[in-house]
Protein chains: 2
Amino acid sequence: MNAIGKTVGARVSVLDVGVASELERHPLLRAAKVRRGTDDLSRGLAMSREEAARAVMAGAGVAEELLESGGVDLLVTGDMGIGNTTPAACLISAVTESPPAKTTGRGTSIDDETLKLKVNVVEEALELHAPDPEDPLGVLAAIGGLEHAAIVGVILTGAVYGVPVVLDGVVSNSSALVAHALAPYSVGYIIAGHRSAEPGARIALKHLELKPLLDLDMRLGEGTGGLLAVPLVQAAARTLAEMTTLEEIGFG
Amino acid sequence: MNAIGKTVGARVSVLDVGVASELERHPLLRAAKVRRGTDDLSRGLAMSREEAARAVMAGAGVAEELLESGGVDLLVTGDMGIGNTTPAACLISAVTESPPAKTTGRGTSIDDETLKLKVNVVEEALELHAPDPEDPLGVLAAIGGLEHAAIVGVILTGAVYGVPVVLDGVVSNSSALVAHALAPYSVGYIIAGHRSAEPGARIALKHLELKPLLDLDMRLGEGTGGLLAVPLVQAAARTLAEMTTLEEIGFG
């Protein structure tokens with residue numbers, strides 16, 4: 001992230017909404033821990049509605065702070081979280097009504113056996129909660145992660161400020177589904193940066209009618225794929241703003 | 001090109017090796033006209049061997065000048081030429097031994113009728129010259145364009161200097177086949193920037209075992225697709241150079 005961020009002129013900001021341990025202070029770290037991790041979403045709510053809302057607001061807060069700080073006119077989402085492709089698959093299945101076997105992927109390269117277990121967990125969670133896409137905050141609370149909730153807040157804030165929000169991998173993609181469910185117009189500010197190797201990513205982006213700019217077989221999350229797409233967005237903006245058209249030089 | 005070049009920190013350099021008219025002087029234009037356009041490749045040699053060699057040397061010269069000027073550590077190829085996807089298809093068919101119907105595309109969106117004529121021209125040229133891939137300069141002279149020859153020179157010079165050469169569309173791809181035929185090791189310095197919509201591009205890149213970084217449905221040539229890939233190359237280099245590995249932080 002840092003190496004790529006330097007290349008594309010982006011600054012990195014890390015928001016802790018739910019790491020299970022205490023983190024040392026760091027100039028780039030914003031502490032807004034809502035709780036230490038989530039509960040087992042296959043046995044009960046991952047978190048309360050209020051906690052989901054607080055995580056959304058934490059994401060919105062950091063986005064707002066960055067956008068108000070001057071010089072930031074584009075946001076890139078990314079994430080680090082343990083086991084967070086499971087809630088991503090849950091969210092994608094819940095919102096797009098796709099079967100868990102199609103939305104659940106190998107995350108950090110799990111084997112066939114573990115993948116089967118993972119699909120089961122997603123199925124159990126969906127059966128237990130029967131999440132209602134008409135109640136996006138309830139969906140987040142039942143089967144989301146704190147990072148997913150925070151990314152929802154980042155996306156919504158980008159839309160409010162009218163700046164592009166470039167998505168990274170499947171966790172961002174699944175969060176975008178929730179943002180879209182909360183505020184459909186927000187999708188107009190979303191740019192799919194990179195196609196995650198996770199199968200659910202394709203389903204989520206199709207639902208949002210977004211086509212990723214990059215497809216480089218990366219599967220990191222963390223924002224790396226989204227950051228790599230930033231120069232493409234910048235070049236497109238500059239071309240629109242600066243390029244002489246054929247009409248302008250009398251060719252039209 | 002200029003708008004995208006500014007975004008990615010590239011300078012644009014234009015080399016005239018064969019425009020059919022005289023061009024006004026311009027600070028970015030390097031004049032090295034070998035001749036005014038080529039002859040009809042379906043009826044005779046496109047140019048003489050000596051002319052092909054001079055165009056290769058003109059491309060090599062501008063590449064050398066740029067690399068010696070300081071601050072340039074990567075080259076991007078591009079082209080502007082009228083009708084130059086026809087020689088591109090000829091070169092791709094000649095080197096990869098693929099039928100013209102598979103290597104010939106619609107260029108600037110020609111209709112079915114014109115496409116059929118274009119395939120015929122490529123077939124006639126290949127029948128007339130029976131170009132021998134073992135004689136790459138002869139191939140260029142018989143069925144190449146002056147811009148193809150110049151790009152061959154740029155690629156070879158990049159390889160000599162050990163800097164990456166990022167290819168743009170099908171004209172660059174077809175030139176890379178000739179560079180590879182002349183000096184097989186040069187392909188190690190070539191990066192396929194963007195997959196052209198022209199069908200021959202796919203065939204050329206497969207022959208070179210190169211996978212394009214971008215696939216954005218662009219079909220401009222001129223270097224735009226190659227330029228857009230530059231930040232990806234920069235980010236990859238910076239990641240290799242700067243990123244702490246898991247081993248280095250005691251995780252390995």
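The model is predicted. In chain A, the strands β3, β4 and β5 form an open sheet with parallel pairing. In chain B, helix α3 has 12 of its 12 residues buried, so it is largely enclosed by the rest of the structure.

**The sheet of chain A**
- The order of the three strands in the open sheet is β3-β4-β5.
- β3 (75-76) and β5 (190-192) of chain A stand at the edges with a single partner strand each, so one side of each has no neighbour in the sheet.
- Two bridges join β3(A) and β4(A) in the parallel sense, and A:L75 has A:V165 in β4(A) as its bridge partner.
- In general, the strands of a sheet pair through backbone hydrogen bonds, in either a parallel or an antiparallel way.

**The loop residue A:G169**
- A:G169 lies in the loop between β4 (165-167) and α8 (170-182) of chain A.
- A:G169 counts as buried because its relative accessibility is 9%, and buried means under 20%.
- Between A:G169 and A:K33 there are 136 residues in sequence and 23 Å in space, from C-alpha to C-alpha.

**Helix α3 of chain B**
- Helix α3 (residues 85-96) of chain B has 12 residues, which at 1.5 Å a residue should span 16 Å; its end C-alpha atoms are 16 Å apart, in agreement.
- Among the buried residues of α3(B) are B:P87, B:C90, B:L91, B:I92 and B:V95.
- The elements that cover the buried residues of α3(B) include α5 (112-129), α7 (146-161) and α9 (199-208) of chain B.
- After α3(B) comes B:E97, which has a positive phi, near 60°.

Methods. Residues are numbered from 1 along each chain as its sequence is written. Chains are lettered from A and ligands numbered from 1 in the order in which they are written. This is a predicted model: local features need pLDDT of at least 70, side-chain atom pairs count only at pLDDT 80 or more; totals for chains, interfaces and linings use all residues. Side-chain values use heavy atoms; hydrogens and water are left out. Helices (H or I, at least four residues) and strands (E, at least two) are DSSP runs, numbered from the N terminus. Buried means under 20% relative accessible area, exposed over 50%, partly exposed in between (1.4 Å probe, protein chains only). The expected span of a helix is 1.5 Å times one less than its number of residues. Contact means heavy atoms within 4.5 Å. Two strands pair if DSSP finds at least two bridges between them.
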